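Here are some exercises to work through with the model open beside you. Try each task before reading its solution.

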Amino acid sequence: MVSRCLVAGLATALLLAGCGGRDESAGSPEPSPSIRTLTPIALPPEPPPTGRLLADMRQSSRDAAAGRMEVWIDNDTDDEIRPRRIVYSDPRYRTTLPGTRLRPIPSQSERGYPLYLPAHPACDHPRGRGTVSVTYADARGRRTTRTIPVADETDVAGRYTSARCLEVAVARVAELRWSDAVPWDGDEGSDSTLTLLITPSGRPGPRLRIDTVSGTPVLSPVGSDVWRPRLTIRGTDRPTQVALPLKPTRCDAHAFAESGGATAFKINLRLGGEPGQITLRMSTRGAANALHYAKRSCGRLLTVG
């Protein structure tokens, strides 16, 4: 009798447990003692405006491809300013450079303004430091002009001057340019040819030696890290062509989209025995042909990653 009552009691208890409401807390794990509630730390307040304007020079690969650099103006005043005129001055340039894309600068913000680089810098003034004059109206409509020094940590203005002056000196011996034609057989994975066209100036002078030509993030030499023409040119030589075997460097869309220097090739040379380097860009048409070739050669290998 006792065992039968015990069995009945257990059955009743199980039935009641099955029919009763679910205890949500029964199966929930206890919070980990290692988890703590984090209290946000208040950031220190921004320092008040100094009332100054600051400037620095920058240049992206796309700026370089477009023949420009950008002066960035930092407005550390209480008010928005509306530039009416921006002029960059530098002893390495024969003329001042006007800023473009003028637009307002909110208080404690900065904006970049493109400056188009001169084709003929002052090569007899290889050193110097630039300043920028900013004529602007403040929130009250008051017109002010300030002239401020331009910081240039990467020496954008100086590097351009040196490179352009070397290009001018090279041109006195010979004109260097890329052919617009980028021939290939149309098959996926096939190579092409980049052709350097050399037209001597016809004038006697120093010798020009082309040692190496570097590839880009999109276009590279076939079978080597660089092309090695090892060609010596005199101003009185006949025109000549140098064929450079070409292949895609990479087959991902990121390389094609982000590289402003995809068709700008660095040439290491010696002019009159002195080493130097110039960047020789393809024309718009030639660049389009070269990129078309690279994408088609990549074919199914061209990825989005």
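A salt bridge here is a side-chain nitrogen of Lys or Arg within 4 Å of a carboxyl oxygen of Asp or Glu. Please keep in mind that this is a predicted model.

**Exercise 1. Salt bridges and exposure**

Task: Find out how far apart the closest N and O atoms of Asp 225 and Arg 228 are, and decide whether each residue is buried, partly exposed or exposed.

Solution: 
- Step 1. The closest N and O atoms of Asp 225 and Arg 228 are 3.3 Å apart, and the two residues form a salt bridge.
- Step 2. Exposed means over 50% relative accessible area, and buried means under 20%. Asp 225 has 56%, so Asp 225 is exposed.
- Step 3. Arg 228 has a relative accessible area of 40%, and therefore Arg 228 is partly exposed.
- Step 4. Elsewhere, salt bridges with shared partners link Asp 56, Arg 58 and Glu 110 into one network.
- Step 5. For the whole structure, the count of salt bridges is 13.

Solution: 
- Step 1. Asp 138 has 8% relative accessibility, so Asp 138 counts as buried.
- Step 2. Arg 142 has 46% relative accessibility and counts as partly exposed.

**Exercise 2. A pair within a helix**

Task: Explain why Arg 164 and Glu 167 are separated by about one helical turn.

Solution: 
- Step 1. Both residues belong to helix α3 and are three residues apart, which means that about one helical turn separates them.
- Step 2. Glu 167 counts as partly exposed because its relative accessibility is 24%.

**Exercise 3. The largest pocket**

Task: Work out which residues lie nearest the centre of the largest pocket, and which element gives the most to its lining.

Solution: 
- Step 1. Start with the volume of the largest pocket, which is about 1000 Å³.
- Step 2. Of the 32 lining residues, Glu 167, Ile 278, Thr 279, Leu 280 and Arg 281 lie nearest the centre.
- Step 3. At least two lining residues come from each of α2 (61–65), α3 (156–171), β8 (174–178), β15 (264–271) and β16 (274–281).
- Step 4. The most comes from α3, which supplies ten residues.
- Step 5. By residue class, the lining has 16 nonpolar, nine polar and seven charged residues.

**Exercise 4. Contacts across the sequence**

Task: Locate Thr 240 and list its contacts, leaving aside neighbours within four places in sequence.

Solution: 
- Step 1. Thr 240 sits in strand β14, which covers residues 240–248.
- Step 2. Its relative accessible area is 33%, so Thr 240 is partly exposed.
- Step 3. With those neighbours left aside, Thr 240 is in contact with Leu 196, Leu 197, Ile 198 and Leu 231.
- Step 4. Thr 240 and Leu 197 are 43 residues apart in sequence, yet their C-alpha atoms are 6.3 Å apart.
- Step 5. Now widen the view to the protein chain: among contacts with a separation of 6 or more, 69% are between residues 24 or more positions apart.

**Exercise 5. The whole chain**

Task: State how many helices and strands the protein chain has, and what share of its residues is buried.

Solution: 
- Step 1. The protein chain contains five helices and 16 strands.
- Step 2. Of its 305 residues, 34% are buried.
- Step 3. The protein chain exposes about 18500 Å², and 54% of this is supplied by carbon and sulfur atoms.

Methods:
Residues numbered from 1 in each chain as written. Predicted model: local features only at pLDDT ≥ 70, side-chain atom pairs only at ≥ 80, totals over all residues. Heavy atoms only, no water. Buried < 20%, exposed > 50% of the residue type's maximum accessible area, 1.4 Å probe, protein only. Contact = heavy atoms within 4.5 Å. Areas by Shrake-Rupley, 256 points an atom, 1.4 Å probe, with all protein chains shown as cover. 1 Å grid on protein atoms, 1.4 Å probe; cavity = no way out; pocket = protein on both sides within 12 Å on 5 of 7 lines; lining within 4 Å. Points joined across faces, edges and corners; volume = space filled by probe spheres on them. Nonpolar A, V, L, I, M, F, W, Y, C, P; charged D, E, K, R; others polar.
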